[in-house]
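These are my notes from an afternoon of looking things up in one model. I went entry by entry.

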Amino acid sequence: MLRIALVPGDGIGTEVVPEARRVLEAAAATYGIEVEVEEWDLGAERYLREGVTITEDEFTRLSANDALLMGAFGDPRVPGEEHVRDILLGLRFRLDLYVNFRPCVLLAPELSPLKRVKVPVRLEIFRENTEGMYVGMGGVFRKGTPQEVAIEEDLNSRAGVERIIRAAFEFAEARGRGRVTLVDKANAMRNAGGLWRRVFAEVGEGYPEIEQSAVYVDAMAMDLVRRPEQYEVLVTSNLFGDIISDLAAELTGGLGLAPSANIHPGRHAMFEPVHGSAPDIAGQGRANPIGAVRCVALLLDHFGHQEAAERVEQAVAAAIAEGKTTRDLGGGFSTSEVGAWLAEHVSRSGAGAT
Ligand code: ATP
């Protein structure tokens, strides 16, 4: 039995998560996967209503699930984003979800803004998710004066670097990927870069059949635009991962299509579409649910249900090929029409599966 908590959150999160649920339940029924789904009312509405973001008890009960499927967080009525900090970032840091996995897969050349792109493009990014520039170390001195100084420390622990690099190699080996590339800026940031390169070489020794290289992040930005098809698994720090995964997502179809996973292998897994709450289109039934639906594929895959996961991905590919999409992809479907179509496709094409 897989226990899954759904947290739709804010804005279009509340529209795309029900569609992801529909597809999850269709896949579970088709493939005989036992799931228990519970929906949680956490987000800006609850915070505004009760003045509470998430209680300790809720945090404990939420994290006791096998997996979490989140929608999006962020609401103009909560400019301080207290609930985002406590719920989303709270889970990421307190559950030590050190792997941010962002697969960017181009399903059709016309989805890419690149003119001469060749399919397949399959960029699988392993972003370190708990260290780097995001730990809040540093400070501001002489604030508000012309002599103000701001320092943001870039924290890289050997253990932290090693575990994300190992996760990338483990994935590449398990999935038969031929190449793992480290993305860094070791020519300018010699201390951190030196550590990443040494650990990459050491861990890489255990995977001699996988081609290994290190590329500076600036060169990677150019290469991703010039010839993204030459890369497979990328592993990098929190900051560089944040940037290049947005670039890679945009090159492979944009925000509406991109899923992500935040994982502590063997302990916790949280899935969320890459897009935010998009208040500009919220409540209009226009949000593309595919990013959230692809989270379902990642979730199923994570728990060893590869066939069901592939079926969800195939349904997504079919929806795109047949134009059964929301208007951001040029289609005329609403959010729930896309969800219903995908769920139906999963049930239909998986009929007879066990
Ligand atoms: P955040 O900072 O919370 O990640 P953001 O402001 O960077 O959010 P999003 O909320 O993700 O960005 O969205 C940016 C724009 O992209 C939205 O205003 C919306 O128009 C479009 N967009 C995002 N997600 C979707 C989606 N699923 N379907 C259609 N359009 C989307």
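Which polar atom lies 3.5 Å from the backbone nitrogen of Phe240? I found that this atom belongs to the side chain of Ser237. I count a polar contact as a pair of N or O atoms within 3.5 Å; within protein, one must be able to donate a hydrogen and the other to accept it, and residues adjacent in sequence count only if both atoms are side-chain atoms.

Before going on, I note that this is a predicted model, where local features need pLDDT of at least 70 and side-chain atom pairs count only at pLDDT 80 or more, while totals for chains, interfaces and linings use all residues. Residues are numbered from 1 along each chain as its sequence is written, and side-chain values use heavy atoms, with hydrogens and water left out.

**Ser237.** I placed Ser237 in the loop between β10 (233-236) and α8 (238-251). Helices (H or I, at least four residues) and strands (E, at least two) are DSSP runs, numbered from the N terminus. Ser237 counts as buried because its relative accessibility is 12%. Buried means under 20% relative accessible area, exposed over 50%, and partly exposed in between (1.4 Å probe, protein chains only). Leaving out residues up to four places away in sequence, I see Ser237 touching Arg127, Glu128 and Trp196; contact means heavy atoms within 4.5 Å.

**Ligand.** I listed the residues around the ligand: Ile12, Leu255, Gly256, His275, Gly276, Ser277, Ala278, Asp280, Ile281, Ala287, Asn288 and Asp328. A residue is near a molecule if one of its heavy atoms lies within 4 Å of it. By class, this shell has five nonpolar, five polar and two charged residues. Ala, Val, Leu, Ile, Met, Phe, Trp, Tyr, Cys and Pro count as nonpolar, Asp, Glu, Lys and Arg as charged, and the others, Gly among them, as polar.

I then looked up backbone atoms beside the ligand. A polar backbone atom of Gly276 is 2.4 Å from a ligand oxygen, and one of Ala278 is 2.9 Å from a ligand oxygen. For Asn288, a backbone N or O atom lies 2.8 Å from a nitrogen atom of the ligand. On its own the ligand has 620 Å² of accessible area, and the protein covers 57% of that. These areas come from the Shrake-Rupley method with a 1.4 Å probe; for residues, only the protein chains shown count as cover.

**Backbone angles.** Ala278 has a positive phi of about 40 degrees although it is not a glycine. I find Ala278 in the loop between β12 and α9 (290-302), and it is partly exposed because its relative accessibility is 21%. Asp96, also not a glycine, has a positive phi near 55 degrees. Asp96 sits in the loop between α4 (82-94) and β4. The peptide bond from Val119 to Pro120 is cis, with omega near 0 degrees. Pro120 is in the loop between β4 (99-106) and β5 (121-128).

**Cysteines.** How many disulfides does the structure hold? I found zero, taking a disulfide as a pair of cysteine sulfur atoms within 2.5 Å. For Cys104, the nearest cysteine sulfur is that of Cys295, 12 Å away. Cys104 is buried, with a relative accessible area of 2%. Cys295 also counts as buried, at 0% relative accessibility.

**Pro265.** I placed Pro265 in the loop between β11 (259-264) and β12 (268-273). Leaving out residues up to four places away in sequence, Pro265 touches Tyr98 and Val99.
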